[in-house]
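Subject: Structure handover

Hello,

Here is the structure we talked about. Please open it and keep it beside this email as you read.

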Amino acid sequence: MIICISWIKINNIFDPMLWYKVENFFDNSCVQVADVVVGFGHLEKKGKDDVEALIAGSGGGSRKGFDYLCWDLYARVSQWYSEGSDSEQAAKKKLRLDTLHLIEQGGNATAELAEVISTAVLRRHLETMARLGIEYDFLPRESEILHLKFWESAFEKLKATGVLYEETEGKNKGCWVMRRPKSEFSSEVNEGPDEDAKVIVRSNGTVTYVGKDIAYHLWKFGLLGKDFGYKPFHKYPSHECWISCEQGEKVHPHFGGVRAIYNVIDSRQSDPQSNVIQALRGMGHTAEADRYTHFSYEMVALTPRYAEELGYTVSEEDKKKPYIEVSGRKGFGVKADDLMDLMIAASRGEILKRHVEWSEEQVSETARQIAYGALRYFMLRYTRNSVIAFDQKDALAIEGETGPYCQYALVRAKNIFRKAGVAPEAVLAEYAQSAGLNAILGSEEGGDIWALLVRASKRIFVLEQALVASEPAYLAKHAFQLAQEFNNFYHKHRILTEENAAMKSLLLTVAAVVLREISATLKLMGIESPEAM
RNA sequence: GGGCGAGUAGCUCAACUGGAUAGAGCACCGGCCUUCUAAGCCGGGGGUUGCAGGUUCAAGCCCUGCCUCGCCUACCA
């Protein structure tokens, strides 16, 4: 529902190493959808036809589409729930739950409205992500997990393997529960119920989110014995994105039954995630459990300064904090499309200061590359367990550890080759055959050049470390250090006016190597290399 | 109450499995454009790594206790 910039914390880092598929689980039967449905029905007094008209009308050109409407409505509904007398609030709460249950059941007008809304928002989500080059292969939806009775199959297996047991005493009486990984009840005092156990099936017979997630992950590993229906949903230039449905097409790509899973979910989900892994292990699927990685990361928040820039009033108390957590319920945050637009506008301004002669196309293309590069770099420069306090000014700064800084170093190198009228690839090919570098590199002056070359040669090593540690920030650090060292080199040596031919040749070669390496490292982070800036 | 993460320069963060003088960036101060883009470069100040013990030749990192903050848990998704 809420388009969250966290999504771009993971991107194509795995691209060169693995063949993989990107799935985005779509929680289309969740309470947030129910809230928006309540909003349209009770605040806006709109039915399915009205909503469909809104969706159709909100398309044309403007990015402020249907998802923006939902964002606002969601915040209003949340506010509305908390208003009125106790009995009124209770009634609203009941309405909310009833709506949720109708959506989960399906086959009714409320569920149809929810379907229309969630699909429209999903389409907008794909468009937004596509701007950053993020594409999906498959969109499994919660509604199919429910309607295709994935849970029922999983439940049988969970009962048969003894992972779940029915609690007969204590506060969880009547629930089907699962022991948590660490509760070593068996060896210790074993009297009374394990009250710390995780409830999977409530006493009223409904399944919790974790239960559905277990079923979903059994499917992912091909252990469920059931499959989704599939239909095409969205066409990217290079491939098709499929979506789950109850009765799909006969011919479709194969999804599920994978060897390994990387679940990119923020660290607040670590408890439910460990429950899922524990369930797999308990069912005897230990190998699969070992190949299940919760790629957890901390949330993205906003600095108080940026929150103010966005027009929010920030309390004195919040101003002292390093960051403020975004909240869709409170209507506090920045929408990904807005963020990108703001950053593009800002980098555009910088470009126009310097290149009045550029064509409109050149300006907007470069502004886009810089803005997206700045955004991606900022998301990736922090290690995963650090909260990212987003600030546009910091992200877009040319000074400091930023995307634009790295891009600028690379552009400087490109300028040299443009002025020299040679291609960096040609320089590399030529230099590989000459053999006069020992004398220069061995000299005192050559020490720094040698150091730069050594650093430049470390890309694969750094990538390997980044993969082992599941830490994209290592790549960001490498790109920055290389850019920094190159800027130093650039300042120290006037390459084009160098008179010593052997030296000039070496300097050009080093520039070509560094250009290639910064560019390749940035590419691993999904950051483009502008021609000029 | 329990679980996870964090505490490092004024601020935001690094530090690969324990290893040399704990590093960057921002901010601050001072320099550097007749030159391939100064959107840059160089230099400077700034630290008892939360506290107290312990293990080790060696601890920001490991162990014990305590303090502070955040998140997750207690039949919400």
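Why does N24 count as buried? Its relative accessibility is 6%, so N24 falls in the buried class (under 20% relative accessible area; exposed is over 50%, partly exposed in between; 1.4 Å probe, protein chains only).

Some ground rules. This is a predicted model: local features need pLDDT of at least 70, side-chain atom pairs count only at pLDDT 80 or more, and totals for chains, interfaces and linings use all residues. Residues are numbered from 1 along each chain as its sequence is written, chains are lettered from A and ligands numbered from 1 in the order written, and side-chain values use heavy atoms, without hydrogens and water.

Back to N24. Look for it in the segment before α1 (31-43). Helices (H or I, at least four residues) and strands (E, at least two) are DSSP runs, numbered from the N terminus. The side chains of N24 and H125 make a polar contact of 3.4 Å. Such a contact is a pair of N or O atoms within 3.5 Å; within protein, one must be able to donate a hydrogen and the other to accept it, and residues adjacent in sequence count only if both atoms are side-chain atoms.

Now the RNA. Of the RNA atoms within 4 Å of the protein, 71% belong to sugar or phosphate, the rest to bases. A polar side-chain atom of Q484 is 2.8 Å from a phosphate oxygen of RNA strand B. α21 gives the most to this surface, with 8 residues.

Best wishes

Note on methods
A residue is near a molecule or strand if one of its heavy atoms lies within 4 Å of it.
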